[in-house]
Amino acid sequence: MTSILEGINSTADVTLSDDPLERVIGQQHAVSLVRSAVAQRRHILLCGAPGIGKSMLARAAYSLLPPPKEEIWLQRNPSQPDRPFVKATLVEAESCTNESPAEKPELTYIRPETLPFEIAAKMGYRCPACGAFSFPSQSVCMDCHGPKRSDWSEPASYHGLLRELSVISEPAQTSVTRIEGTYKLTYRRTFDDAIMVLHEREFDIETPQIENDDNRVLVSRDSSRFVHVSGSSPVELLGDVKHDPYGSAESLGMAAHLRVVPGAIHEAHEGILYVDEIASLGEYQKHLLTAMQDRKYPISGRNPNSSGAAVRVDDIPCDFQLFAACNVEDLPRIVPPLRSRIRGYGYEIMLNSTMSKSDQNMQDLVYFIAQTIEEDGRIPHLTTAAIESVIKVAEEMASRLDGQRTAFTLRLRELGGLVRIAGDIAVQDSEDLVLSEHVLKAETLSRGIGNGENLGHYPGRNREISKSYGDYFL
Ligand SMILES: Nc1ncnc2c1ncn2[C@@H]1O[C@H](COP(=O)(O)OP(=O)(O)OP(=O)(O)O)[C@@H](O)[C@H]1O
Ligand SMILES: [Mg+2]
């Protein structure tokens with residue numbers, strides 16, 4: 001153990017990664033599958049004991065997603081008020097919050113020779129007739145002596161004359177836009193022989209909508225697209241329409257499009273829908289499956305006695321990536337078509353509840369302790385002796401909870417709890433560092449509460465898990 005702690009005096013000397021996926025300890029297999037799942041937008045089922053990093057993996061995966069491209073809007077339908085229109089509008093990439101400035105297109109300067117021919121002619125760098133180069137300030141081609149603007153040769157109508165007069169003083173446009181692939185490129189003359197190229201956003205972006213009585217945003221670009229669902233409420237999952245005693249009656253009631261409540265499936269559009277304890281969704285798993293297949297799902301009022309039941313909005317986009325979590329014993333309660341969909345278009349991952357006793361894994365535990373302190377922000381760092389004590393507890397937990405004698409636990413929520421209690425005791429003792437004795441006291445304290453069972457340990461059940469399901473994959 002000493003070799004792992006060589007060169008450090010406390011956890012303050014440990015350098016931590018900023019990559020949220022690298023901060024997940026002991027689940028390398030899951031981490032690499034999650035990385036490829038995010039790249040391919042695949043669904044994931046995470047299975048395993050409590051507190052081993054299921055939610056943490058899903059949140060880390062979200063940080064890898066590009067910013068959303070669409071906002072979802074609802075619009076009043078004057079001819080059928082109970083059937084509001086839905087519209088997905090593209091948002092400007094540069095206004096999205098999680099875009100790093102480095103990803104913004106850079107300005108480039110080019111020389112006139114590299115301009116496309118027609119742009120060079122329009123900007124006055126080339127003669128449209130013979131193609132010779134000259135400065136835009138020269139209105140006549142030095143080679144063929146013709147006018148450099150093709151429209152000068154148009155009949156000299158009154159308008160043509162005016163145009164001619166104005167272009168004589170300024171013979172070329174200073175800025176020309178053209179569409180290339182999905183980009184608008186604007187070439188702007190900065191000085192005579194250099195042109196600035198502005199890579200503009202994708203050109204089919206619409207002008208931003210404005211909320212008013214007729215239009216409202218249902219899922220905005222600023223809302224987090226990581227949506228956590230737990231429990232079995234269909235309203236939370238699929239959305240609803242609020243009741244109004246006057247229904248959608250003009251000028252009395254609240255218009256239908258204003259009463260629609262988005263479901264988690266809609267709020268997670270282009271993001272991640274994290275469903276904890278997926279089996280507890282019961283029959284609504286089938287609705288979830290339909291939404292996953294169709295990538296759009298209607299919202300209607302769920303209470304038949306409410307005026308909301310009369311309202312329905314079809315085809316609301318919900319193109320989410322599902323991260324579902326469950327315990328092993330709940331696997332049979334996941335409806336077969338949903339599991340088959342996840343298997344076919346994603347991954348089922350069994351997370352480890354222990355890791356072998358190697359130097360690398362010991363090192364990872366040290367990272368974990370340092371992470372816990374950084375995230376808590378209120379407790380002092382651990383001395384190396386205190387780190388050793390936590391590592392011993394990790395070993396003891398693997399044996400007690402999972403029947404693994406030469407392993408470390410990965411029930412890291414609990415191990416983190418122990419570190420935090422030890423930190424609090426050190427603070428009470430006015431110590432600058434957490435000492436080994438604080439860790440031992442913390443352990444006795446947590447055991448005193450009920451020998452582990454009351455803290456969410458399920459020894460019998462978890463021994464069964466590790467026996468029947470091997471390391472991580474179903
Ligand atoms: N593999 C891990 N690596 C690093 N930290 C972890 C890991 N597992 C758990 N933790 C720590 O424990 C906390 C709780 O973990 P998390 O909420 O992800 O567990 P979970 O598997 O979702 O549990 P539950 O089944 O109760 O929802 C995390 O915020 C993190 O601090
Ligand atoms: Mg969780």
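**Reading a predicted chain**

Mentor: Contacts (heavy atoms within 4.5 Å) between residues 24 or more positions apart make up 69% of those in the chain with a separation of 6 or more. This is a predicted model, where local features need pLDDT of at least 70 and side-chain atom pairs count only at pLDDT 80 or more, while totals for chains, interfaces and linings use all residues. Residues are numbered from 1 along each chain as its sequence is written, and side-chain values use heavy atoms, leaving out hydrogens and water.

Trainee: Why is Thr-409 called buried?

Mentor: Buried means under 20% relative accessible area, exposed over 50%, and partly exposed in between, with a 1.4 Å probe and protein chains only. Thr-409 has 0%, so Thr-409 is buried. Across the chain, 46% of the 474 residues count as buried.

Trainee: What does Thr-409 touch, not counting residues up to four places away in sequence?

Mentor: Its contacts are Ser-353, Thr-354, Ala-394, Met-397 and Ala-398.

Trainee: What makes strand 2 and strand 8 a pair?

Mentor: Strands are DSSP runs of E, at least two residues, and helices are runs of H or I, at least four, numbered from the N terminus. Two strands pair if DSSP finds at least two bridges between them. Strand 2 (residues 70-75) and strand 8 have 4 bridges, in the antiparallel sense, so they pair. One bridge links Leu-74 with Arg-216 in strand 8.

Trainee: How do you know which strands are at the edges of this sheet?

Mentor: The open, antiparallel sheet has 3 strands in the order 3-2-8. Strand 3 (85-90) and strand 8 (215-219) each pair on one side only, and these are the edge strands.

Methods:
Chains are lettered from A and ligands numbered from 1 in the order in which they are written.
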